[in-house]
Amino acid sequence: MAARLPDLSPDEEAEILAGVRAGGVARRQASDRLFRELREPLHALCVHLTGRRADAEDAVQEVFVAVHRALPGFRGACRLTTWVYRIALRAAFRARARRQDGEPLDPETPGGGGEGEMANRDEAIRAIAALARLPAGPRAVLSLFAVEGLSHREIADILGIPEGTVWSRLHAARRMLIESLSV
Amino acid sequence: MASCADFEVDIEKRIHGALGEAGQALLEEHLAGCETCRAYQAAAREAEAVMSLRARTSAAEVDWARVERGIRGGVYASVRMLVGAVLAAAYMAGLVWLSTAPALREGRLLRTLPAMGLVVVLVALVAAYSARRLATLADHDEMLETHRALVLANVQWARRMQWAIAAIVAFLLYKALGGTAATYDPTVYYGGLAIPAAAAWYYLRKVKLPRVEREARDLGMAPRSEP
């Protein structure tokens, strides 16, 4: 299964918030539910943003610690999932910055398989390295679009930009990625 | 007349299911005669496929139980910081004890109590804020711009603090090596305070500042170099 944005309706988000604010066991259950619903898409996002699985796991941990602490004070100015994704972007940028310049990306490559798939794996390694060379902004746009289930409207909400701007940002980021691939 | 750049945006919309039928027909017509846009489409689809596959394979290998343990540990990090603050206060008390003549220890310890209490309160405030820092202004304006502003403020704070702490270390060493006092040994007291202050300076200079500067560069900012 690909990482998908959970289909949390506003009512379900309100339930989670009420549970958090109630405290005690309800808070624990609400936090667990949020974790189960969001962990995979957040991890997918953080893998692309950090370039390493270990860094992505650290970032996901930081996200949920921050959410646990700050959720009771969440003002509801945006959707709960939007808010969590915004925190995830920042956690991933921070996790990546903890890595020294020049430290290698993941040694493992997507796809696996035997010798016949070597060419595809090499292509994948090249694409991942090219993505890692991009600045944070374009990397964020490409990574958000790669999380299955996020619509361009939700991405616009997460980035806090108009819907139309999302497409021009994606196009500019894609151009940079293609240039980076040719390096 | 639409340009190739316009059609490339349409290619992105089609890949992500946001291009209407009329737009698709126009795009197909353009692609039939434009090799550049066909190459763009192939590159975009390939990159999407690689990223999607990577997301799936990475998520399948995560040990979520370990991540949950990490989250629980993070939730209780502020408790650990408070324990650290109490230990720091105890360290100060130890320095007072060691540097003072036996007959004067109690009186001097009592006079140092407010300073110890201040250390505990300051660390408690930092502990309460630190885990929420990521969520600061997370529902505010354009996300990347807000984040850039916060990172830039962090860079400036770290640069100023390194000089402030360096000055404190210099002052403590000056007092430790050249100071005189009738009731206590300044070498033990100020020297003992200089050790954690120097450690804080080293952490800020060698770990914290390079990290926030890397983050600033990653965000496309080039914070002015230090003289």
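Two residues are in contact if their C-beta atoms, placed from the backbone, lie within 7 Å. The model is predicted: local features need pLDDT of at least 70, side-chain atom pairs count only at pLDDT 80 or more, and totals for chains, interfaces and linings use all residues. Residues are numbered from 1 along each chain as its sequence is written, and chains are lettered from A and ligands numbered from 1 in the order in which they are written.

**Exercise 1.** Describe how domain 1 of chain A meets domain 2 of chain A.

Step 1. Take the bounds, which come from an automatic or database domain assignment: domain 1 of chain A spans 8–101 and domain 2 spans 116–183.

Step 2. Count the contacts: 13 residues of domain 1 of chain A are in contact with 14 residues of domain 2 of chain A.

Step 3. Find the elements on the domain 1 side. Helices are DSSP runs (H or I, at least four residues), numbered from the N terminus. Helix H2 (24–50) and helix H4 (80–97) of chain A each supply at least two residues of that side.

Step 4. Sort that side by class (Ala, Val, Leu, Ile, Met, Phe, Trp, Tyr, Cys and Pro nonpolar; Asp, Glu, Lys and Arg charged; the others, Gly among them, polar). It has 8 nonpolar, 3 polar and 2 charged residues.

**Exercise 2.** Describe the side of chain B that touches chain A.

Step 1. Count first: 44 residues of chain B are in contact with 59 residues of chain A.

Step 2. List the helices of chain B that each supply at least two residues: H1 (4–15), H3 (35–60), H4 (64–75), H7 (143–178) and H8 (186–218). H3(B) gives the largest share, 14 residues.

Step 3. By class, this side has 22 nonpolar, 8 polar and 14 charged residues.

**Exercise 3.** Locate the largest nonpolar core.

Step 1. Apply the terms. A residue is buried if 20 or more other C-beta atoms lie within 10 Å of its own, exposed if 12 or fewer, and partly exposed in between. A nonpolar core is a set of buried Ala, Val, Leu, Ile, Met, Phe, Trp, Tyr and Cys residues joined through C-beta atoms within 7 Å.

Step 2. Of the 71 residues in this core, Cys46(A), Val63(A), Ile87(A), Ala88(A) and Ala92(A) touch the most other members. H4(A) gives the most to the core, with 12 residues.

Step 3. Follow one member: not counting residues up to four places away in sequence, Val63(A) touches Leu42(A), Val84(A), Ile87(A), Ala88(A) and Ala91(A).
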